[in-house]
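Here's a quick briefing to read with the structure open beside you. It covers the aromatic residues and then the nonpolar core.

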Amino acid sequence: MDSEAVAPPYWMPGTSAGHDEWIRGEVDPTMTGTSSLTPWLILIGLGAFHGLNPAMGWLFAVALGLYRKSWRVVLLSLIPIALGHALAIAVVVYAVGALGLAIHERALQIVSGLLLIAWGLYHALYGHKHRFRIGMTTGLLGLGVWSFVMATAHGAGMMLIPVLLPLEHAGDASAHAGHAPAMTSFAIASLAVLVHSLAMLVTTGTVALIVYEWVGLDFLSRGWINVDLLWTAALILMGLWLLLS
């Protein structure tokens with residue numbers, strides 16, 4: 001009797017002339033270890049990047065706090081800002097999840113890549129001309145709407161598409177293991193929205209409080225990273241990566 005341990009099978013979609021089958025051998029590296037954490041770490045990183053961008057909320061939270069002379073207003077403002085951002089992300093994430101159940105993964109990559117490039121070019125050419133503005137007397141609902149519009153205009157949800165694709169692919173194994181594909185996709189999408197939004201909220205809140213309590217807004221006039229330019233370049237590069245991968 002052979003005492004050598006046999007590796008458990010794992011699911012490999014699209015093999016054997018287009019048919020799904022079980023492969024016996026090493027465990028799929030996308031399902032275990034550090035590789036399985038990579039998409040989630042990228043989601044957290046993107047959330048932190050959004051939180052650092054003044055246009056995504058912390059600048060307005062600080063300005064509102066200074067206007068009303070209260071750090072509590074700064075913290076309170078973070079709630080609608082985070083909810084508006086999360087809603088904008090969720091619209092894209094759930095749409096991608098639904099589309100991924102209907103079309104082939106490669107077709108989804110191509111469509112997503114073209115959308116990212118188109119949105120990046122639009123943002124570079126016309127993004128600065130279409131700013132949604134609200135006043136210092138706005139309520140929490142108005143702040144939430146502003147956050148939703150700003151996140152949508154920046155294509156915040158679209159940038160999550162390249163991260164969602166490997167997560168959806170990993171979810172295929174769970175679906176074939178007995179879980180409903182639609183429910184698996186919905187669960188992954190919901191968790192992605194939550195993880196990303198929490199990272200954005202923590203970063204936005206940290207920056208807002210530091211600026212409000214110690215730094216002040218004057219440092220912006222002395223120099224600040226052009227986050228919009230970096231974001232536009234990232235949108236286009238990620239779109240090209242999806243098309244060429």
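**Aromatics and core**

Tyr-122 has a relative accessibility of 34%, so it counts as partly exposed. Keep in mind that this is a predicted model. With that said, here's what to look for.

**Aromatic pairs**

- There are six aromatic pairs in the structure.
- One of them is stacked: the ring centres of Trp-58 and Phe-219 sit 6.3 Å apart, with their planes at 15°, and stacking here calls for planes under 30 degrees apart.
- That pair bridges distant parts of the chain, since Trp-58 belongs to helix α3 and Phe-219 to helix α9 (residues 219–222), 161 residues apart.
- Trp-58 is buried, at 0% relative accessible area.
- Phe-219 also counts as buried, because its relative accessibility is 14% and the cut-off for buried is under 20%.
- Trp-119 and Tyr-122 make a tilted pair, with ring centres 5.9 Å apart and planes at 45°.
- Both of these residues lie in helix α5, three residues apart, so about one helical turn separates them.
- Trp-119 is partly exposed, with 25% relative accessible area.

**The nonpolar core**

- The largest nonpolar core holds 48 residues, and Leu-43, Trp-58 and Val-93 are the ones with the most contacts inside it.
- Helices giving two or more residues to this core include α2 (33–52), α3 (58–68), α5 (105–126) and α8 (181–215).
- The largest share comes from α4, which supplies ten residues.
- As general background, nonpolar side chains tend to be buried together in soluble globular proteins.
- Which residues does Val-93 touch, not counting those up to four places away in sequence? They are Leu-160, Leu-164, Ala-189 and Val-193.

**Tyr-94, next along the chain**

- Tyr-94 sits in helix α4.
- With a relative accessible area of 33%, Tyr-94 is partly exposed.
- Setting aside neighbours within four places in sequence, Tyr-94 is in contact with Phe-186, Ala-189 and Ser-190.
- Ala-189 therefore turns up in both lists: Val-93 touches it, and Tyr-94 is in contact with it under the 4.5 Å cut-off.
- The C-alpha atoms of Tyr-94 and Gly-157 are separated by 10.0 Å, with the two residues 63 apart along the chain.

Methods. Residues are numbered from 1 along each chain as its sequence is written. This is a predicted model: local features need pLDDT of at least 70, side-chain atom pairs count only at pLDDT 80 or more; totals for chains, interfaces and linings use all residues. Side-chain values use heavy atoms; hydrogens and water are left out. A nonpolar core is a set of buried Ala, Val, Leu, Ile, Met, Phe, Trp, Tyr and Cys residues joined through side-chain atoms within 4.5 Å. Buried means under 20% relative accessible area, exposed over 50%, partly exposed in between (1.4 Å probe, protein chains only). Helices (H or I, at least four residues) and strands (E, at least two) are DSSP runs, numbered from the N terminus. Rings of Phe, Tyr and Trp (its six-membered ring) pair if their centres lie within 6.5 Å; planes under 30 degrees apart count as stacked, over 60 as edge-to-face and the rest as tilted.
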